[in-house]
Amino acid sequence: MSPEERTAKAPSSIGNLATGFDILGHTIEGPEDRVIVRRIDAATTRLSSVSGVLRELPADPERNTALRALEALRTSRGLTFGFEVDIVKGIALGSGMGGSAASAVAALVAANALLPEPLQVEALYPYAVEGEAAASGGHHGDNVGPMLLGGLVLATPDRLVRLPVPRGLTCVLVHPHLVLETRRAREALAGGYTIGEFVPQSAGLAELLVGLFTGSAASLRAGLRDVLVEPRRAHLIPGFASVKKAALDAGALGASISGGGPSVFAWFEDRLAAEAAAPAMRMAFASAGFESDAFVSPVDGPAARIVS
């Protein structure tokens, strides 16, 4: 007999990983979303409560990432039952830390455990992408993919590939206390691009992949230089240039915008260097007038999981 209620957690993540816009991301050890899903007899998906860092979320499944993901699962699989959902937000929305994606993924992982025949985790991917579209307005998997599999993931429209991470590679993510909505960050990318702009970005993506597979620090440095997206979004984040400079001055392999911002991430070759750099990055945000939180984590971060 199937259980009637399950609880899952999903971690924070860094999407749009430098040259991997919309296709590369990784999870971090830090804030998490927790979602409780109950199986109900009615063939519907409904929101019961919201708590944590937020107290209100849309109850309309079209506008709520968790509900939309569960509705996609329910209708696609032809389920005759439905779900009731409690969302405990640990990740702020508009933070660049995958907050909208985490609710969708945690809901799906919990709901999957309620199915008579649970799906393989990769099979949840299209439903998670559909769920996050409620917040972002687009279908991309660079946040939900890493949350499902853990670590650093290549997320194409129809496939997830977990990528190797060199030993010791550590991330600092600094989240300033301001909100930057994903839709606004995407609007900043409107306009024309020249073919010449794509060549260095493609070269950077190739270098990043080479660095991951070979452990080459030089390739990782080259691969973390976003020349296409970062320049169009940097003005949305007060103090961004100073925060990035603080990371690079402290020995970072590279630094850029986490997701749509306003959080900024940097990669370091080891945890000691990352922990030493975090205060300087926070100080740079403070100079711009914003308090911030810093999280130090392995790049090879955790996956979403059942907790009860």
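How many nonpolar, polar and charged residues does the lining of the largest cavity have? The lining has 4 nonpolar, 2 polar and 3 charged residues. The legends below describe close-up views of a predicted model.

**View 1. The largest cavity and its lining in the predicted model.** A search of the whole structure finds 1 cavity of 30 Å³ or more. The volume of the largest cavity is about 40 Å³. Its lining consists of Asn16, Ala18, Phe21, Asp226, Val229, Glu230, Arg233, Ile257 and Gly259.

**View 2. Asn16 in the loop between strands E1 and E2.** Strand E1 covers residues 5-14 and strand E2 covers residues 24-40, and Asn16 is found in the loop between them. Most residues other than glycine have a negative phi. Asn16 is not a glycine, yet its phi is positive, at about 50°.

**View 3. The cis peptide bond from Gly261 to Pro262.** Most peptide bonds are trans. The bond from Gly261 to Pro262 is cis, and its omega is near 5°. Pro262 has its place in the loop between strand E8 (254-257) and strand E9 (264-268).

**View 4. The packing of helix H1 against helix H2.** Two packed helices are described by the angle between their axes and the distance between the axes. For H1 (residues 65-76) and H2 (residues 99-112), the angle is about 40° and the axes lie 7 Å apart. That angle makes H1 oblique to H2. The two helices cross in a right-handed sense. On the H1 side, the contact residues are Thr65, Ala66, Ala69, Leu70 and Leu73, and they meet Ser100, Ser103, Ala104, Ala107, Leu108 and Ala111 of H2. The contact has 8 nonpolar and 3 polar residues, with no charged residues.

**View 5. The packing of helix H1 against helix H3.** H1 and H3 pack at an angle of about 145°, and their axes are 7 Å apart. The crossing of H1 and H3 is right-handed. H1 contributes Thr65, Arg68, Ala69, Ala72, Leu73 and Ser76 to the contact, while H3 contributes Tyr127, Glu130, Gly131, Glu132, Ala133, Ala134 and Ala135. By class, the contact of H1 with H3 has 7 nonpolar, 3 polar and 3 charged residues. Thr65, Ala69 and Leu73 of H1 take part in this contact and are also among the H1 residues that meet H2.

**View 6. The largest pocket and the elements that line it.** The volume of the largest pocket is about 740 Å³. The pocket is lined by 40 residues, and those closest to its centre are Leu93, Gly94, Ser100, Ala135 and Thr182. H1, strand E4 (82-89), H2, helix H3 (125-136) and helix H5 (182-187) each supply at least two residues of the lining. Sorted by class, the lining has 12 nonpolar, 17 polar and 11 charged residues.

**View 7. The packing of helix H9 against helix H10.** H9 (residues 240-249) and H10 (residues 271-287) pack at an angle of about 160°, with 8 Å between their axes. The two helices are therefore roughly antiparallel to each other. H9 passes H10 in a right-handed crossing. Ser242, Val243, Ala246 and Ala247 of H9 meet Ala280, Met281, Ala284 and Phe285 of H10. By class, this contact has 7 nonpolar residues, 1 polar residue and no charged residues.

Note on methods: Residues numbered from 1 in each chain as written. Predicted model: local features only at pLDDT ≥ 70, side-chain atom pairs only at ≥ 80, totals over all residues. Heavy atoms only, no water. Axes fitted to C-alpha atoms, helices over the stretch in contact; angles between N-to-C directions. Helix = DSSP H or I, 4+ residues; strand = E, 2+ residues; numbered from the N terminus. Parallel < 35°, antiparallel > 145°, perpendicular 65-115°, else oblique. Left-handed = near helix turned anticlockwise from the far one by under 90°. Contact = heavy atoms within 4.5 Å. Nonpolar A, V, L, I, M, F, W, Y, C, P; charged D, E, K, R; others polar. 1 Å grid on protein atoms, 1.4 Å probe; cavity = no way out; pocket = protein on both sides within 12 Å on 5 of 7 lines; lining within 4 Å. Points joined across faces, edges and corners; volume = space filled by probe spheres on them.
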